[in-house]
Amino acid sequence: MANSCKVFSTLLAIFAVLATVAAVYADSAENEGQKVVAEEQEFVWTLDHTNYSDIISRHKMIVVEFYAPWCGYCQQLTPKYEEAASVLSSHDPPVILAKMDTTIPENAELARNYTHNGVPSIKIFRNGGKTVHDYKGTRETDGIISYLKKHAGPASLEIKSKEDAASLIDEKKIVVVGIFPELCLEKIKNFTALAEDLRVDYDFVHTLDAKFLPHGGPVDKPTIRLFKPFDELYADFEDFQVEAMQNFIEETSVPIMAILDDKPENQAFVNHFLHSPGDKVFLFLNFTTDLDLFKSKYYDLAATYKGKEANFLLGDAETGKRALEYFGLNTDQVPLIFVLAMDGTKYVERHVQPDSLAAWLKDFKDGKLKPYLKSQPIPEVNNEPVKVVVAETLEDMVFNSGKDVLLEFYRLGCKYCEEFAPVLDEIALSFENDAHVLIAKIDGTENDIPRERFEVQGFPTLYMISTAGSLSRFEGNRTKEAIIEFIQTNRGTPAPSNLEKSDLPVPEHAQIQTDSMKDEL
């Protein structure tokens, strides 16, 4: 390796060669792609289960929107996406925008991996689909165009002067620089591969000489220099193994204390905080009245935990109002410290004082705090045929009730849930004389759901929890007859003999299903 690492004045040609090879592959693939699908009259290509794999595999880069025709957000995006596709079709190189209807049954299985957070979902497929990135730009026409133009170009740009550095290194953003005073092909290839993989989240540039850069001294060997607008402003790293570089970038990109406020430039650092490993500690305040009281003490506390699997965020309560509501909290409870532990367990202290932060966090680390559970209030009256379950009653009503329980996970405002509600009522009435069966429902957005037990990716979702200890997910058509048959097949107690067969159709070969509990979502 030492023999291969020597001074070489045409080092940057290596990057050009790699880019050229990729471009040749892309041109060839796109020409071949024309044979796969007839020329589109519309600028947005239509993908489905018959052409999806072929088209994705033949392009270096293609952008796909997964949508549902009934979705209002998708309808709002459509004209903007189409206009962006029209403009980007003339870009050099052209950027292809496509779409897939997720409501077509044959498409649903393909789309499932890309719609965990709902629709519309926009993904950037690269290198024939070998890598897939989330689209992280705006949903306005100009934003889509500028974002995709940037990501259609080289993953790393060249710095050959201080003027280039001033133009390419934004002091408000995280920028990763590959400095190569020596030729080392393996390190160049690894850096290029990493830049391609992480380009959605970070800006990458490369140079032969560190003298062009705004911070840091000269280097005499290949070095990664990460610039950031917080803490120590830059950090150097010399290990060019891909995994080591990625870990360095991810760890160094998280501030000692991220700030959540109304400044757009801080949002990227909040995202790095949210995607960081380890426990996440949130302190929400009224910035107008409480910031000066808490900020320095909280920063000092965060600094003492740096490198100890804990990351910290200081948030303005009004800006973070939706985040608080998501966790079942509200702005009336600030100052509020909240911990989301690595295992998903949550802890909270409302109306906290500056001098009690350190002691409370130590108690968390020592395992002395009671976990916080997001739950709706326990109903004072619960006498309808379909019983209401909340997070605080889930164990008692479902797992420890001694009954076979059909549990619906629903969301308020979901039209499919609303359409299913009268069906569930009829099912509950069919079992009203069966003391061993409980029909129940829980709001899946307002209550914490144990993910190690239930896989809930949409609403409504139905589970059967039997007295035999098995969990079975209903996958059929949501008709009264089909669900009653599902209950009878999976129940752990025998059906009472005095019930009408017409009410409770039992399959010919009914038996208790003993499925294992589902993995985490």
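Cys74 is buried, at a relative accessible area of 2%; buried here is under 20% relative accessible area, exposed is over 50%, and partly exposed is in between, with a 1.4 Å probe and protein chains only. The closest cysteine sulfur to that of Cys74 belongs to Cys71, and at 3.1 Å it is too far for a bond. A disulfide would need two cysteine sulfur atoms within 2.5 Å, and a search of the whole structure returns zero of them. Cys414 is also buried, at 4% relative accessibility.

A word on what you are looking at. This is a predicted model, in which local features need pLDDT of at least 70 and side-chain atom pairs count only at pLDDT 80 or more, while totals for chains, interfaces and linings use all residues. Residues are numbered from 1 along each chain as its sequence is written, and side-chain values use heavy atoms, with hydrogens and water left out.

The overall figures next. The protein chain has 521 residues, and 44% of them count as buried. Its secondary structure comes to 15 helices and 20 strands, taken as DSSP runs (H or I, at least four residues, for helices; E, at least two, for strands) and numbered from the N terminus. Take contacts, meaning heavy atoms within 4.5 Å, between residues at least 6 apart in sequence: 67% of these join residues at least 24 apart. The chain exposes about 27,300 Å², of which carbon and sulfur atoms supply 49%; the areas come from the Shrake-Rupley method with a 1.4 Å probe, and for residues only the protein chains shown count as cover.

Now the charged side chains. Side chains of opposite charge can pair when their charged atoms come close. The rule for a salt bridge is a side-chain nitrogen of Lys or Arg within 4 Å of a carboxyl oxygen of Asp or Glu, and by that rule the count is 20.

Start with Glu196 and Arg126, whose side chains meet in a salt bridge at 3.5 Å, N to O. Glu196 is in helix H7 (residues 185-198) and Arg126 in strand S4 (residues 121-126), so this pair ties together parts 70 residues apart in sequence. Glu196 is buried at 17% relative accessibility, and Arg126 is buried at 2%.

Which residues does Arg491 pair with? Asp434 is one partner, with the closest N and O atoms 2.9 Å apart. Asp434 lies in the loop between helix H14 (415-430) and S18, and Arg491 in the segment after H15, so the two tie together parts 57 residues apart in sequence. Asp404 is another partner, with the closest N and O atoms 4.0 Å apart. That pair also links distant parts of the chain, since Asp404 is in strand S17 (residues 404-410), 87 residues from Arg491. Arg491 and Asp404 are buried, and Asp434 is buried too.

Asp290 goes the other way. This residue, in helix H10 (residues 287-304), is buried yet has no salt bridge. The nearest side chain of opposite charge, Lys297, is 13 Å away; Lys and Arg count as positive, Asp and Glu as negative, and His and the chain ends are not counted. What Asp290 does have is a polar contact of 3.4 Å with the side chain of Thr289. A polar contact is a pair of N or O atoms within 3.5 Å; within protein, one must be able to donate a hydrogen and the other to accept it, and residues adjacent in sequence count only if both atoms are side-chain atoms. Neighbours within four places in sequence aside, Asp290 contacts Leu285 and Pro335.

Arg225, in strand S9, is buried at 1% relative accessibility. Its side chain reaches two backbone oxygens: that of His215 at 3.0 Å and that of Gly217 at 2.9 Å.

Last, the backbone. Pro335, the contact of Asp290, is joined to Val334 by a cis peptide bond with omega about 0°. Pro335 sits in the loop between helix H11 (321-326) and strand S14 (336-340). Another cis peptide bond joins Phe459 and Pro460, with omega about -5°, and Pro460 is in the loop between strands S18 (437-443) and S19 (461-465).
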